[in-house]
Structures are given as structure tokens and as C-alpha cells.
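Hello,

Here is the structure I promised to pass on to you.

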Amino acid sequence: MLNGTEDEEKWLAEGIAGIQHNAFYMHRALDSNNLREALKYSAQMLSELRTSKLSPHKYYELYMRAFDELKRLELFFKDDSKHGVSVVDLYELVQHAGNILPRLYLLCTVGSIYIKSKEAPAKEVLKDLVEMCRGVQHPIRGLFLRSYLAQISRDKLPDIGSEYEGDADTVMDAVDFVLQNFTEMNKLWVRMQHQGPGGVREKREKERSELQDLVGKNLHVLSQIEGVDLEMYKETVLPRVLEQVVNCKDDLAQYYLMDCIIQVFPDEYHLQTLETLLGACPQLQPTVDVKTVLSRLMDRLSNYAASSADVLPEFLQVEAFSKLSNAIGKVIEAQLDMPAVGAITLYVSLLTFTLRVHPDRLDHVDQVLGACVKKLSNIPKLEDSRAMKQVVALLSAPLEKYNDIVTALTLSNYPRVMDHLDIGTNKLMAMVIIQSIMKNNSCISTADKVEVLFELIKGLIKDIDGADVDELDEEDFKEEQNSVARLIHMLYNDEPEEMLKIICIVRKHTMVGGPKRLPFTVSSLVFSALRLLRQLQGQEGDIVGEEASMTPNKIFQLLTQIIESLSAVPSPELALRLYLQCAEAANGCDIEHVAYEFFTQAFLLYEEEIADSKAQVTAIHLIIGTLQRMNVFGVENRDTLTHKATGYSARLLKKADQCRAVYACSHLFWVDDQDGIKDGERVLLCLKRALRIANAAQQMANVARGSGGPVSLFVEILNKYIYFFEKGNKQITSSAIQGLIELINTEMQSDSTNPDSVADAFLASTLRYIQFQKQKGGVMGEKFESIKL
Amino acid sequence: MNYLVGAFKPPCNIFISFTDGRSRKQVPLKKENGKTVMVALFQSQENIVGEVVIEPIHGKKVEHNGVKIELLGQIELYFDRGNFYDFTSLVRELDVPGELYERKTYPFEFSTVEMPYESYNGVNVRLRYILKVTISRNYVSNIVEYQDFVVRNYTPPPSINNSIKMEVGIEDCLHIEFEYSKSKYHLKDVIIGKIYFLLVRIKLKNMELEIRCRESTGSGPNTYVETETLAKFELMDGAPVRGESIPIRLFLSPYELTPTYRNINNKFSVKYYLNLVLVDEEDRRYFKQQEITMYRNLEAS
């Protein structure tokens, strides 16, 4: 067995040599028109095909050699002027051969000429040939012999329109012949499994699959027969083929042949015979991969449906969906041990089918999903990753088809299917859903849908029991949560009331998300609420007398609650920003106490939670910026807040930060609009204070490092001076600016200062600006005139 | 030398010929020396008409006690060599005792000769027909000349010709049912039939149909039986499964068969059998033998 292949090569070589040897003498006999010798040597040549030692693959090689020689022999037989024997006699003569295999090859060869000669009805000859071939019961030899028969008879079938069609020969005879040959070949092929060569099952199956096309060829021939119309296919061809398929009880054959049927016959035939075809499926062996077969069928039909709109009525007429659906149900029922992946694959195909054929029938989609849920609920836990993938495919299909999550949201079974996914996949699916919404820019506009949607994506919204938190990939998590955040923005309704409901629902869901998720979702939610607020403002005129729930105050309460939830995280910086946003909104709504409250919260956070100095710097600038824009406050409140802000600014840790915060505070006293506060004195105070701090910073730097500190601070302060100078603050004089410029120049030239190109450039462009203003002339030019550079 | 040869040569030549010799069908006949010659073919009840020409070698005279022609049907058993059993013997006197000086022609006729048996050339036995011309002489040996001819008798197709149908088997191993469409075949006939496998539990390799010829000669303790397989015809290649039926179509024309001869003159019989042989993978042979009757049919020959 070790050198099995080598031996086989040797045997093949011997066989080929034998064929060549005898073919040589046969050619000689043919050349000399010696029929007797020709028959003798051709029979001897064909005897080489009697070997049992070759695998199908090698046997095929041998067969092809003999096949080529038989073609020459056929030419000789055809020309009776050469051998002088009538074809009828020849038909008898070749049957004198003692060995059956050569005899039958020769008989088939002469038979084909016999049919051509039309001396006997084609059907008689064909029938005789196909019957006589029964004598070869050896699977491989029989298959090849019969495939030879199929080959030589292909163009001689009494098909409609063929020259062999006659009163006695009808297309029915052609069909009968092919069917019989098919049946016998299939029997031989199946039998190989039990008595063929080779011991190991896998090897045998491999050898068998090498031969499958010989069997399938018959079905191909059937499909090529012109006369096989739908009627005949329905009444004769399909039932008989299926009978053979079912009865052979061989999984390999059943799978291959079912697939073959599906592939070779036209789609419309399948459609019209769906019941019969599907009826066979539950009768197949339990090991047959029915799901693939059915999937292929549905794929074909789906493509057919997609090919042209004209064929769709046909689908409706034959109720293709319900038939397929029933069949799948039966198959799943019948094959209890079919893995979940199989069943789900089937549902995916069915779903694809119905989406293509009946895009308008959402109930079908829901029905498929429902069936899938039923199947899944019998399985305690889906652990097969392939099954999981199929479920994802199942759930994604409607999204892709309708490009609209809203449609999917109306499917009652959709979330129930999702429940069966494992956590990871559930998240994945949720992401798919969100991406679909993003891609299509679909807006979810009712509270009910939002509720369903959040139910669907709950895997992303909160921790699900049993989830292994450690396994979470930080980046994935961020991406997921960012998607959720984006999603929240997609929820919108023009009706404030509905919108409020939506917000409440979202809040309800997101609040349970835990500290890790809140930072992502809360801001979206807050901005969503703020948008509602603006919306409300826009409509204010019309909605007088609306229910009390819709007052801005209510919304602000809601906002406070939402932001407060961040304290659990904790994320003070974010909360602070959000409070400031809200304060601005309150400003917009002209509700002073609310705005004040938000600022209070912001300051509280600043005092209690924000300890990091850098964060403090950012926070104080935010506070200053927001506060500057507030116009809702009365003098008292405003003073309190500005006072706080300047106070905190001066208490920052680093001098430079102090300095910058303090000069920023100057803006709090000078709001550059019509009725804004314009307190030039306090502006100047701030700037002077900033200058003092800058000086102090400079000195500290000198002491600490022996080199000058940041000159840029002075330049920045200079810029503030120029700004207020331009804006007409009487407290800022040109001489003050002049003094400041000189101060800077001195500082720049002092030895201790490190050259700082950034500061240099900054100063240079500031000076250039002054120069520019001077040259501009007019009021502004005059103002700047007095500054000497 | 010539003289010497001439001394032992018969003093005359004898030619026997048939009147319709030219038109009559000639068939090959294998002689004792192994040579095949073509001879005239007759059947029973025919008139055998012809003439005998005696031609003395120039100038010689042949003195004789009479000239006769005999038609003999002989059975020759090889183990009993030299003994001929004449089952038919007809004599015509051609000439009264006298002398022959010149060529003389004697017509003869045996009318409606009863020749019930066919010429046969078997392994242990030969049945032949001859015309024997004897010129009886005193003191010296008679001058004898033979002329073989062949007799074949045609039988009409049998009115009853049942099929052979039989179920055979080895318990729990192999059960088959076979059917030959007829039990009586003419020599150019075709054996049509089929084998139906009812149960197959052994690994068969192939199946063939043999035509066997059984020639028995002698009788009682001296019976010699010789069986010869004339044809081996493969019917099936490979192992069938239950329910398969394998067709049989065997043309008899390529084989040299004779009709079945039953107890020819109590000397011999020739019988034909179909032997169905199944061979398994270990080359064990399972067979079932069935006698068939062969007959000669006029139309088909």
C-alpha cells in the first residue's frame, strides 16, 4: 500500500501500452478494410478497460485513450463500402465478442451508426443499448460505459426538431432513455460506496466525487432536450429524477443531484414545480446538507426574481414564499440534529428570497424572524460562532434591503432574535444597526420607535449580566459609545412634546449605562435637550397655553438631573462644560435664576472637584468665556460671578496662567455690544493686575533660572491694551501702550532674556498692526497717531 | 519405377458423381487425415442419383465377379476402432461378372433413401454416409472406391417451445432466478433471457454463460462421456445487488453446433447444455446447468 500510487502509475502505463499495441493492429486492419481483424483487435484493445486496479481518475485517462480509438473505429463502421456488411449485421456481429465490456463498447459504437442509418427506430436501438449495458455491474466500469453511451447518443436522441424524431420516436423516448441511463448510473455510483475500491471512507468518497459529473451529465442532457417543456418536466422528468434521488438513500448522491437539478434546469421550471422539489427535501437522508441545497435554490430564485420584474407575478401565483417557508420548517423539524447554523442559514436564504421577491411584505420578514426565534429558543445558548455570523446576516439583511431602520423597528420579532445573540455579537449587531442609521441618515422620530431601538441596542447601552468587563477592548468600547452618542443626535421630532418623550426615553436607557458610558452619552443627551429648548423658543409664540410639562424650566430641571448623573463617574470637567452650556441656554431663554444656578454648579465643581491645575486653567477660561457672553444677569448676580471668576483667576497655580486668566477677566467688564457693560476702569485694573503678575513671573524666572521669563506675556497684555484702546476704553491711553511697548523692548534687549523667536514674531506683528492702524488714517489713524514706535 | 508403381496401382479408376452435383449444396467435411473437403449435402428421403464411371488404365482389362454400389450409413466408435456399425446399407448391382476393357458408365439411383441420422464428427464417434463401389475379383483383392456425402435433416420449429425458468440459490448466500426464452433452439438462433438477482450476499466478480456439448458413446459399463465447452460468453461484469436483472443475448451462429442427437442407433448421444456460471472474488464458481435442445431449421440454415 505504501507505493500505491506508483503501482497505479505502472498499471496505467501498462493499460495504455496495451491499448496502443492493439490500436496499432486495429489501424492496420482498418486500413486494409479487414472487418474481422478490426473487430478482433478493437475488442482486445477494449479489454484493457476491464482492469480493476485503477482509481477513477486514472481509469478516466485510460478510457479517454480508448475513446479516441473508438472514434476511428466508428468512422470505419460507418462506411459500409469498406467492410461490406450492413449495419444490422454489424450490430449482431459485434455481439459475438465473448467479453462483455468490449462487446458493449462496440455495441454502443455500432448502435450510434445504426441510429444514424435510420434503419431502425432510434428508440428501439437506444432502448436496447441502455438495457444491454446492465450487464456491467462494476461501478467504475459501468459508469464509464454508460457515460460513453450517453456521449455517443447525445446528438441522436429523438428530440423535437431532431432528424431522429418520427411517428414512432417521440421526445418521450429520448427522455425515457436518458432517465433510465441516469437511474442506472446513479445506482452504480451509489454502490461504489459499499463495494467499490479502496478501504477508507474518505478515500472512497473522494473517488466518488471525482465521478459525480458523469452522473450529473445525464441531467444536463435532459435539460438540453428541446422537447422537455414545463409540462413534461413537471409530469415526468422531475418526479422520476426525484424518485431516484430519494430512493438511492445515499447522502453524497442526494446532495449532489439535488444541487444538480437546481443548477441545470431553468428557474421558471423550479418555480412551477416548487412543491414537488421541496417535497423531496424532508425525505433525504438526515446527513444530507439540505440547507445548502435549499439555500442554493432560494438564491437562484432570488436572482431570478431580481432579474426582471416581469417574473414576480409568477412567484405570487405559485405562492413561492409560503411553500419555501413550509419546506424549511419541515426540514428543520425532520432533521433534529441539524446544527443551529444550518437552520439559521436556511432562514437567511429565505429572508433574502422574500426581500427580493416580496419587498413589500414586511409580515413575511417578520414571519421568518419569528420562525428563527422559535428555533433559537430551543437552543439554550448559541455558542457556535458561525451560527452567530448567520444570525447577524439574518438581522442585517432587512436593514440593507430597506436602508431604513424604521422598517426594521416595526418587526416585532427583530429584538427577539437579537436576544439570542451572545454579548459580543449583540454589540456587533447593534453597531450594524447604528451604522445603518448613520449611513442612511434616517431620523427616528417617535418615542415608540426610540424605545424599540434602544431595546435593540441595549448591548451597547448597559452592561449585560455575565459580560466579562475585562475583555473589553478600550478602543472598541470608545467607538461603540461614540456611535451611541451619534445615534442620539439622529433622534428628532419637530413636535417638542414628542421630542421630550424621546429624550426622556433615551435618558431612561442611558442613565443605567454606568460610569464608563455616561461621559459619552450624557453630552449627546444634553445637547439634544438643548436643541429641544431652542426649538421650543422658536415656536414660543404659537404654543401659549401648552401643558405645563413643556416649560423651559422643566427642561432645565431635566438637564440638571442629567448632568448630575455625571457625578457618579466622576467627570467634573465634562459636567462643568455642560453646566456652562446650559447656563448659556438659560441665558438664551432669559431665565436668570436658572442661569445663575448653573453657574453656581459650575463654580462648585471648580472648587470641589477640579484639582488638577491644567484642568483648572481650562475650566476658568471656559467660565470666563461663558460668563462674558451672559446678559441675563442683574448687576448683583453678575458682580458676584465676575468677582468669583477674577478671584479664581488670580489664584491659579502658575504665574503665567494667573496672568492670562486675569487679563481674560478684563473682558468680563467690557462686553462689546450695544447695551453691554462697559466698565473701563475695572478693565484697566485687570490689565494692570495682569501686568503685575507678568512682572512677578519675570522676576521669579530670573531668580529661579537666571534667565528672563516669558516676554510673550507682556506682548499678550499689550494686545489686550490695543484691543480695548481700539474699542474706545477711555482708561486705556496711548501713553500706557507706549509705555508697555518700551517695557517690552527693554525686556527683550536685556541680556538675561533668552531669545524667543515666537515672542519676537508676536511682538513684530503686533507692532506691524499698530503701524498699519496709524497709516490707515481716519478716526482710528488719529487714535494711534500718538503712539511712537 | 513407373512400371513398379503401375504394378500396385489398381488397374482402373473409379469416379462416383451425383447427377445434380453441380447444383447441390456442398459442405465441408473433415476427413481422417485432417483435411477438409467439400462434399455434397443430402437429407433423408432424397433420391440419391448419380453415375459411376470405371475407366481401366489404358489397355488393361479388368476381370471381375460383378460391380456393385452400396450406400452405407456407418457409426464408428473410436475406442472400438475398425468396427463399423452399418445402420443403413443399400446395394445396387451395377454389372454382372465379366471383363472391362474400356471406360464404362453405370448410372445408379437410390430413391427416397431413409437416412434418419445426420452425419456427425465427434470426439469419440463418427457417423458418416458413404457410397461404396466394389469391383469384386477372384484371387486378388476387390477394387473399392468411396465417396463421402453429408446428411443433414431439418426439423420444423417445435410446436411447443417452453421457456426455461428456474430459481436457484444457496441458502442465505445467493438466490437467482434465470430465464431463457426457449428450451429449443435452432443452430443460428439467439438465446435471449435474463438473470434476476433475488439475494446477493457473496461478492461476485462476473457471470458467464457456457454452451457445453456432452457426447456419450457406448452403453452400459462401456459408456464414454466427453464434455466440451463450446462457448464462454461473459454476461456480467462486476457485482450486482439485489433486484438487478441482467440481460442475456447470445448469438449461436458463431459456434459450431449440431442438433441434439438422442440415442443414435443405441450407439451415442450428443446433448447440449447451457451452463450459467457465477464466479466470486475468490474464484469460486457457482453454476447451474440446463439442457437445451438444438435442432436444425431449414429456413435458418
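Below is what I found, going from the whole chain down to single residues.

A word on the ground rules: this is a predicted model, in which local features need pLDDT of at least 70 and side-chain atom pairs count only at pLDDT 80 or more, while totals for chains, interfaces and linings use all residues. Residues are numbered from 1 along each chain as its sequence is written, chains are lettered from A and ligands numbered from 1 in the order in which they are written, and side-chain values use heavy atoms, with hydrogens and water left out.

Let's begin with chain A. Along the principal axes, its C-alpha atoms fill a box of roughly 135 × 70 × 55 Å. The radius of gyration is 45 Å, whereas a compact globule of 789 residues would have one near 28 Å (taken over C-alpha atoms; the globule rule is 2.2 Å times the number of residues to the power 0.38).

How much of chain A is buried? The share is 53% of its 789 residues, where buried means under 20% relative accessible area, exposed over 50% and partly exposed in between, with a 1.4 Å probe and protein chains only.

Next come the nonpolar cores, sets of buried Ala, Val, Leu, Ile, Met, Phe, Trp, Tyr and Cys residues joined through side-chain atoms within 4.5 Å. The largest has 277 residues, and Phe77(A), Ile261(A) and Tyr414(A) touch the most other members. Leaving aside residues up to four places away in sequence, Phe77(A) has contacts that include Leu35(A), Leu39(A), Val94(A) and Ile113(A) (contact means heavy atoms within 4.5 Å). A second, separate core of 72 residues includes Val67(B), Leu100(B), Phe110(B) and Ile176(B). In soluble globular proteins, nonpolar side chains tend to be buried together.

Finally, two residues in chain B have backbone angles worth a look. Most residues other than glycine have a negative phi. Gln45(B), however, has a positive phi of about 70°; it lies in the loop between strands S3 (36–42) and S4 (48–56) and is partly exposed, at 43% relative accessible area. Asn265(B) has a positive phi of about 55°. Its loop runs between strands S20 (261–264) and S21 (268–280), and Asn265(B) is partly exposed at 27%.

Enjoy exploring!

Note on methods
Helix = DSSP H or I, 4+ residues; strand = E, 2+ residues; numbered from the N terminus.
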